[in-house]
Amino acid sequence: MRTLEQTTQEVLDLAAKHFQLPAGSLAPEDDFFKKLGIDSLQTLEMLSRLENHFGIELPDYEVQGVSNFKTLAERIQSRL
Amino acid sequence: MLDLSQYQSVGAALKDALDRFASEVCLIEADREREKERLTYRDFRERAHPLAKALQDAGFSAGDRASIIMTNQAKWLISAYAVFFVGGVLVPLDYKLTPDEQWQLLKHSGATVLITEYPTWRQLNASGGRASANVQTVLVTEAPPNAELAGARRWEEFRGTSDPAFVLRVRKDIASIVYSSGTGGRPKGCMMTHENYLEQCVALTSIYPFWPGVRYLSILPTNHAIDFMVGFFGPFTCGAAVVHLRTLRPEYVRAAFPKYKITYVSLVPLVLKNLQKGLQARFDALPAGKRKIFNTLVAVNKILTKRRPRLAISRLLLKPVHEAFGGELRAIIVGGAFTEPQTLQFFYDLGIPVANGYGLTEAGTAITVNDLKPFRADTVGKPLPGMEVRILNLASDGIGEVAVRSKTIMAGYLNDPELTAETIVDGWLMTGDLGKIDEHGHLQLRGRKKNIIVTEEGKNIYPEDIESVFEGLPVKEFCVFAANYIWPKRSMTGEQLVLVLHLEPGQSLSDELRREINARNQRLLNYKRIHGVVLLEEDFPRTASLKIKRNVLAERLAKLDRAAAVLLL
């Protein structure tokens, strides 16, 4: 079982990889809309990648209003 | 299709549709690759009538207001039908608003019944705004077995046992209160009458018809005027089917087209543009030889569809593209915001007509629609049947304010006669948008007169609505504007918000102040954020009651050079 810290790190690594950013360039508190300059659609694409990685389904309503990696990791953690 | 001229209310038309098309499929609901449900009109009635009866038993009666806050799903439409059946007024709210915003609109609308999904209810309940609203009955869908319902009742168990009594409403009665925006200082609740919907439906389906067998993919939120019309009332009165997806991940949306043989879909410009980018990338990746053949086929298609769409030929010529969309797609309806002409042309050249148009919630959805005779990417089409469009206060370049008169214009804004009087003048709806009508009768939009931005996601953002986030900012005074309102631009794209600051004497835009502004900006949803700051070294003009005179302030700011004045954050 992963810890929340591990999940958060994996989320950050995968997001960096997905958007082709250097590893370590994202932080848990980062707002992904602002930091990555992405729209809601691109966010959904990132979520699909995270779902595949963690082997979970994250219903759209669970991520409604979530805009930073830390909260996103918490939502993922609760479904692991 | 039902002859809607014979009907007095939305409820009466829907009730007859359920009888007339009883054995046709009306709803398909899918969650990812799994199809959850497929209902005929008969099944729909069997679900809706016990709910209507239970509402009646709970004392809900004619003119009472019931709000729905749900993602697009079968229970949204079933609930709305039940509300109309018993003569209620529907208050559809955006599920993407924050709980505080939702409570504010629930209070403003006077809704006594709330129908929502369990996760939304959990958030609403946590926000503590309930005391301010007059919601007495809360129904929640899909609550887990041991969930804490906090006074709500399970939608699935809220069922009456005998037949409900149908309650007739007349055309001029209010059918719904739709919030076009305005979650801040001044909620704008458009009171839509039964006549508004009946007339709009007749007008729209005369150009984009539905019939049994048509499948509409419902992606835009159903609380939005467009989806309510083309994803519920329109298809239902014609016996067509609506497909709901419980997740809007692009891969599942893409898969739904071939899986369910979609006929129509509505999208906001942002999604359409995204689709364009994806397709273009795939075309660019084709090997040189194949690409050349493909480009030739597109060129041939362009010639053959110059005067009008010829779906059968386009589907043959550009088979792989059309198969990716399921092979049955007749048109993509795009709305909610302005769409760039090159995006519209891109799809039309592939043989996929984009039904672009122009509308406002206040006008009962669409005012103009491209009738494809021939297709024009540079306009928002011609007025729909029954719509009178005039251009008022013409400037020297022939551009003026678009005004509309028709039976689809709302009755007014709820509890706001002053704003209603400003907006509807002698029966004409003043849209606040600027445009001109060309020699072929097509409307061309050329900017806005009002202080608002509309994002590519179709969100109307009123600057005053986001000012509360900056309350307490350590400056003398501040105000938020749409940059194009201050510095008018004959354009409908690239709209941005700016924060105008009047600093204290001796104060400067320090790093600390910037950080504070940025931190507050982050609290706003991404599409509501301000783009830059404008500094003004004078007191803001104010009324006797100390309200900022926004138009006077805008005139003063207009004297500044935009490029130099807007300091990026």
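Me: In this predicted model, how should I read strand 9 (residues 188-193) of chain B: is it buried or exposed?

Reply: Six of the six residues of strand 9 of chain B are buried, so this strand is largely enclosed by the rest of the structure. A residue is called buried here if 20 or more other C-beta atoms lie within 10 Å of its own. The side chains can then be sorted by direction: B:Lys188, B:Cys190 and B:Met192 point one way from strand 9 of chain B, while B:Gly189, B:Met191 and B:Thr193 point the other way, and all are buried.

Me: Which strand pairs with strand 9 of chain B, and in what sense?

Reply: Strands of a sheet pair through backbone hydrogen bonds, and the pairing may be parallel or antiparallel. In this case strand 9 of chain B pairs with strand 19 (residues 412-413) of chain B in the antiparallel sense, over two bridges, and B:Gly412 in strand 19 of chain B is the bridge partner of B:Met191.

Me: What is the strand order of the open sheet of nine strands in chain B?

Reply: The order of that open sheet is 2-1-11-10-12-13-14-15-16, with mixed pairing, and its edge strands are strand 2 and strand 16 of chain B, each of which pairs on one side only. Within chain B, strand 14 (residues 354-360) and strand 15 pair in the antiparallel sense over four bridges, and the partner of B:Gly357 in strand 15 of chain B is B:Val369.

An open sheet of four strands in chain B, in the order 25-26-27-28, has mixed pairing as well. Its edge strands are strand 25 (477-482) and strand 28 (567-568) of chain B, each pairing on one side only. Strand 25 of chain B is joined to strand 26 (residues 497-502) of chain B by six bridges in the antiparallel sense, and in strand 26 of chain B the bridge partner of B:Cys479 is B:Val500.

Me: Turning to helices, which residues of helix 5 (residues 69-77) of chain A are buried?

Reply: They are A:Phe69, A:Leu72, A:Ala73 and A:Ile76. Seen down the axis of helix 5 of chain A, these buried residues fall within an arc of 100 degrees, so they line one face of the helix. The buried residues of helix 5 of chain A pack against helix 1 (4-18), helix 2 (32-36), helix 3 (40-54) and helix 4 (60-63) of chain A.

Me: Which residues touch the most other members of the largest nonpolar core?

Reply: In soluble globular proteins, nonpolar side chains tend to be buried together. Here the largest nonpolar core has 172 residues, of which B:Ala82 and B:Ile332 touch the most other members, and helix 3 (residues 74-85) of chain B gives the most to this core, with 10 residues. Apart from it lies another core, of 12 residues, among them A:Val11, A:Leu12, A:Ala15 and A:Phe69.

Me: How is chain B divided into domains, and how many of its residues are in contact with chain A?

Reply: Chain B is divided into domain 1 (4-260), domain 2 (268-448) and domain 3 (462-568). The C-alpha centres of domain 2 and domain 3 of chain B lie 32 Å apart, and seven residues of domain 2 of chain B are in contact with eight residues of domain 3 of chain B.

Between the chains, 16 residues of chain B are in contact with 15 residues of chain A. The largest share of the side of chain B that touches chain A, three residues, comes from helix 9 (269-284) of chain B. By class, that side of chain B has five nonpolar, six polar and five charged residues.

Conventions: Residues are numbered from 1 along each chain as its sequence is written. Chains are lettered from A and ligands numbered from 1 in the order in which they are written. This is a predicted model: local features need pLDDT of at least 70, side-chain atom pairs count only at pLDDT 80 or more; totals for chains, interfaces and linings use all residues. Two strands pair if DSSP finds at least two bridges between them. The arc is that of the directions from the helix axis to the C-beta atoms. Two residues are in contact if their C-beta atoms, placed from the backbone, lie within 7 Å. Domain bounds come from an automatic or database domain assignment. Ala, Val, Leu, Ile, Met, Phe, Trp, Tyr, Cys and Pro count as nonpolar, Asp, Glu, Lys and Arg as charged, and the others, Gly among them, as polar. A nonpolar core is a set of buried Ala, Val, Leu, Ile, Met, Phe, Trp, Tyr and Cys residues joined through C-beta atoms within 7 Å.
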